[in-house]
Amino acid sequence: MTDEDKLVRFDWAIKRLLRHKADHTILNGFLTSLLGRQIRIERMLESEGNKEYEENKSNRVDMLAEDADGKKIIIEVQNETEDSYFHRMLFGVSKTVNEYLESGKGYGEVAKVYSINIVYFKLGEGSDYAYHGKTEFRGMHDGDLLNLSPKLQEKFRMHNVYEIFPEYYILKANDFNRLAKTPLEQWMHFLRHSKLPEGADAPGLLEASKELQIARLTKEQRRDYERYIDNMRSLEDVVSSAWSSGHFEGRAEGRAEGKWESAKAMAKDGMSLEKISLYTGIPIEELKNNL
């Protein structure tokens with residue numbers, strides 16, 4: 001395979017390339033394939049609150065966007081495992097809901113939020129590669145579903161209670177091992193292998209095959225990408241070693257040691273303390289005092 005055929009990993013692209021593009025065709029296609037309806041990103045949100053995410057490395061999001069209907073979309077890509085990731089998802093959504101309810105507006109105008117999480121590590125126990133979570137209220141005795149009254153359906157222009165609450169999607173990239181037939185399966189193949197499946201026609205994928213070629217990167221981008229890949233390999237080796245030695249079976253000291261090994265490898269490669277903190281979760285002050 002030549003450089004013309006090679007594509008950059010989606011996790012790197014979403015952190016370095018896609019969030020800054022004026023044309024969101026690739027992301028629109030990804031979201032359309034996942035959510036099962038046409039999505040068009042209107043703008044990327046860079047509020048003061050989102051800047052706080054960037055500074056708070058333990059609770060950051062990779063991308064915060066708004067669709068044509070004003071719904072907020074959080075996209076986060078996570079490579080390194082952490083025990084509290086489900087809590088992190090909750091925190092990110094709660095913070096977004098709070099920050100985007102403008103002062104003086106009623107609760108009826110709370111923004112709908114979709115939290116989309118692409119993980120490259122073992123998260124929870126389950127046999128599927130894609131999970132969807134939403135809030136429903138069922139009777140404790142009769143088991144019936146609590147619905148909006150006709151009056152509220154008309155007022156809020158929706159039919160179901162769950163449409164008000166945040167929804168969560170978890171895509172376990174490394175767990176995808178099926179033939180890529182549906183649009184989502186084609187995207188999952190790309191997320192895992194950084195290449196398109198044969199006959200790919202899912203929205204956004206053909207654009208990705210052109211825009212995300214390694215050959216299109218500038219020299220600076222290519223150096224950054226190569227460092228990223230080397231660091232991810234280092235992290236994968238650490239995680240693999242930790243699993244085999246039982247560190248992820250409850251030994252916190254093993255997890256901490258693995259993070260510091262990764263941090264040292266990244267520092268040796270010339271990565272900034274900010275990026276090392278981002279990828280390992282180690283506070284910058286600790287890195288300054290120990291590297």
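User: Buried means under 20% relative accessible area, exposed over 50% and partly exposed in between (1.4 Å probe, protein chains only). Is Phe30 buried or exposed?

Analyst: This is a predicted model, in which local features need pLDDT of at least 70 and side-chain atom pairs count only at pLDDT 80 or more, while totals for chains, interfaces and linings use all residues. Residues are numbered from 1 along each chain as its sequence is written, and side-chain values use heavy atoms, leaving out hydrogens and water. Because its relative accessibility is 1%, Phe30 counts as buried.

User: What kind of pair do the rings of Phe10 and Phe30 form?

Analyst: The structure holds nine aromatic pairs, where rings of Phe, Tyr and Trp (its six-membered ring) pair if their centres lie within 6.5 Å, with planes under 30 degrees apart counted as stacked, over 60 as edge-to-face and the rest as tilted. The ring centres of Phe10 and Phe30 are 5.6 Å apart and the planes stand at 50°, so this pair is tilted.

User: How are helices H2 and H6 oriented to each other?

Analyst: Helices are DSSP runs (H or I, at least four residues) numbered from the N terminus, and H2 (residues 25-35) packs against H6 (residues 183-193) at an angle of about 125°, with axes 8 Å apart. Angles under 35 degrees count as roughly parallel, over 145 as roughly antiparallel, 65 to 115 as roughly perpendicular and the rest as oblique. The two helices, H2 and H6, are therefore oblique.

Notes
Axes fitted to C-alpha atoms, helices over the stretch in contact; angles between N-to-C directions.
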